[in-house]
Amino acid sequence: SDSNNMVQLQCSPIMGNGLLYLTSSQGKIFCINASTGKEYWHFDALKDSTANETSRGVVYWESADKKDRRIFYSARSFLYAIHADSGSLKMDFGDSGKIDLRKGLDRVLDKQFVISTTPGVICNNLLIQGSRVHEGPGKSAPGHIRAFDVVTGKQVWIFHTIPHPGEFGYETWPPDAWQKTGGANAWAG
């Protein structure tokens, strides 16, 4: 078997509002009727790519009045908010429906690898999201855990997996580790 042509389907489908939401090995997200299999919509953030993408699933959220239903999904370095009923981007979230996961990590990341292949967790209208980062010297970004407001996309808090000055555990790292070191991934799970 040619390993370059291997496809991995690693998604855990979820149900929300009577519909099934899942991702494909090409990074697409689908909404289907769980009883009939009829597709209602799909969203393809990587439509110009033919590469296989690992995506372990999506996160479903709905407002207390059930009028706003969203699917959160990551493709490469972006976190998307999708309207759960139509498959369109929620333009009020982040920057026109998406957040660049390389931003908000307390340092400038130009070429570092920061993606999310694993869905986050919803708690009190916050999407708590980890990331996957490179683990090699000089290439690694911090793998901090962040919470984003589910409606606006605003970053509400950050947990530094490599402690900053004054934070618990800082003294167990070299003094400048928080500015240069990375690779401390935190996948949801």
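Predicted model: local features only at pLDDT ≥ 70, side-chain atom pairs only at ≥ 80, totals over all residues.
1. Cysteines. The count of disulfides in the model is zero. A disulfide is a covalent bond between the sulfur atoms of two cysteines. Here, a pair of cysteine sulfur atoms would have to lie within 2.5 Å to be counted.

2. Cys123, with a relative accessibility of 38%, is classed as partly exposed.

3. Pairing of S11 with S13. Strand S11 covers residues 126–129 and strand S13 covers residues 145–149; the two are antiparallel and are joined by four bridges. Within this pairing, Gln129 has Arg146 of S13 as its bridge partner.

4. Pairing of S13 with S14. Strand S13 is also joined to strand S14, residues 155–159, in the antiparallel sense, again through four bridges. Phe148 lies opposite Gln155 of S14.

5. The hairpin turn. Five residues separate S13 and S14 in their hairpin. Gly153 in this hairpin adopts a positive phi, near 85 degrees.

6. Nonpolar surface patch. Val156, Trp157 and Phe159 make up a nonpolar patch on the surface, and together they present about 300 Å² of accessible area. Phe159 belongs to strand S14. Its relative accessibility is 48%, so Phe159 is classed as partly exposed; the exposed class would require over 50%.

Technical notes: Residues numbered from 1 in each chain as written. Heavy atoms only, no water. Buried < 20%, exposed > 50% of the residue type's maximum accessible area, 1.4 Å probe, protein only. Pairing = 2+ DSSP bridges. Patch = residues over 30% accessible without salt bridge, like charges linked within 9 Å, V, L, I, M, F, W, Y side chains within 5 Å. Areas by Shrake-Rupley, 256 points an atom, 1.4 Å probe, with all protein chains shown as cover. Salt bridge = Lys/Arg side-chain N within 4 Å of Asp/Glu carboxyl O.
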